[in-house]
Amino acid sequence: MRTNQWDQSIRTFIEQAGSSSPTPGGGSVAALVAALGASMTSMVGNLSQGEKYAAYQEQIHETLERMNTLTTIYEQLLAQDMDCFEQYVAALKLPRNSESEKEARKQALEQATIQAIDVPIRLIEACLAGMRYAKGIADCCNPHVLSDLGISTILLEAAAQSALLTAQINLVSLTDSSLQQKYSDTITQLMRDIDKFKQVTMITVKSRMGV
C-alpha cells in the first residue's frame, strides 16, 4: 500500500490531482480533506487545555487521541483509493479470448468494483467518527476557536459527501443486486447520521459564537 502521497508537498499533490493522471482522484482528495478536518478538531483540543478546562480534560484528551487515529485511517484510505483504481484498470486489461477468460475477467472486475465501493464507505464511516468527537467538545472547548471546530465539521461533512459520490459512481457497475441494495442502505443511514451531527454541532458552535 502506498503512503508516499502523504509525505509530498501540498503543491505537488495539487499538481498531480489536477493533471491528466487519474490518480490521485476525487476519493483521494476526499481523504485529504477529512484529514484537514480532523486537524482542526485537534487544534481546538490542544487549545482547550489548562485549569479553565480541567473538568473536560478526559474528554478532550480522548478526542485528541481519536483524531490522531482517524488521521492515520484517512492516510490509509487515500492510498487504498489509488490502489482500487489500479486494480480496476488491471482487471479491464485481462484477456477475454475464451469463455473461462471472460468469466475470470468478469469476476475480477466485480471484485475491483466492490473494493472501489468499500473504500469510500469506510471513509464516510471515519468522517462520521470524526464528527462525533468534534460534537463532543463543541460545548466545552475554548470559545476563541469555535469557528475552527465548525470548519472541522464542515470539512468532514464535505469529505463524506465526496466519498458518497465515489461510492455511487461505482455502485451502478455492481452486478450483484442484493449487495448493491445492502451498500445503498448502509450509505443512506451513514449520510443521515452525517447530516444530523453536522446540524447539531453547528447549532452549538454558532450559539456559543453568538451568531
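This is a predicted model: local features need pLDDT of at least 70, side-chain atom pairs count only at pLDDT 80 or more; totals for chains, interfaces and linings use all residues.

Biologist: Which residue does Glu99 form a salt bridge with?

Modeller: Lys102. The closest N and O atoms are 3.8 Å apart. Both residues lie in helix H4, three residues apart, which is about one turn of the helix.

Biologist: And is Glu99 buried or exposed?

Modeller: Glu99 is exposed, because its relative accessible area is 61% and the cut-off for exposed is over 50%. Lys102 has 41%, so Lys102 is partly exposed.

Biologist: What about the salt bridge of Lys198 and Glu157, how far is N to O there?

Modeller: 3.6 Å, between the side chains of Lys198 and Glu157. Lys198 sits in helix H6 (residues 177-209) and Glu157 in helix H5 (residues 146-171), so this pair ties together parts 41 residues apart in sequence.

Biologist: Where do Glu157 and Lys198 fall, buried or partly exposed?

Modeller: Glu157 is buried, with a relative accessible area of 14%. Lys198 counts as partly exposed, at 22% relative accessibility. The buried cut-off is under 20%, so the two get separate labels.

Biologist: New topic. At what angle do H3 and H4 cross?

Modeller: Roughly 165 degrees. H3 covers residues 57-92 and H4 covers residues 99-136, and their axes come within 9 Å. That angle makes H3 roughly antiparallel to H4, because angles over 145 degrees count that way.

Biologist: Left-handed or right-handed?

Modeller: The crossing of H3 and H4 is left-handed.

Biologist: How many nonpolar, polar and charged residues are in that contact?

Modeller: The H3 contact with H4 has 19 nonpolar residues, nine polar and five charged.

Biologist: Now Ala35. Which helix is that in?

Modeller: Ala35 is in helix H2 (residues 26-46). Ala35 counts as buried, because its relative accessibility is 8%.

Biologist: Which residues does Ala35 touch, leaving out those up to four places away in sequence?

Modeller: Trp6, Thr71 and Tyr74.

Biologist: One more. Is the peptide bond from Thr23 to Pro24 cis or trans?

Modeller: Cis, with omega near 0 degrees. Most peptide bonds are trans.

Biologist: And where is Pro24 found?

Modeller: In the loop between helix H1 (10-17) and H2.

Conventions:
Residues are numbered from 1 along each chain as its sequence is written. Side-chain values use heavy atoms; hydrogens and water are left out. Axes are lines fitted to C-alpha atoms, for helices over the stretch in contact, and angles run from 0 to 180 degrees between N-to-C directions. Helices (H or I, at least four residues) and strands (E, at least two) are DSSP runs, numbered from the N terminus. Angles under 35 degrees count as roughly parallel, over 145 as roughly antiparallel, 65 to 115 as roughly perpendicular and the rest as oblique. A crossing is left-handed if the near helix is turned anticlockwise from the far one by less than a right angle, and right-handed if clockwise. Ala, Val, Leu, Ile, Met, Phe, Trp, Tyr, Cys and Pro count as nonpolar, Asp, Glu, Lys and Arg as charged, and the others, Gly among them, as polar. Buried means under 20% relative accessible area, exposed over 50%, partly exposed in between (1.4 Å probe, protein chains only). Contact means heavy atoms within 4.5 Å. A salt bridge is a side-chain nitrogen of Lys or Arg within 4 Å of a carboxyl oxygen of Asp or Glu.
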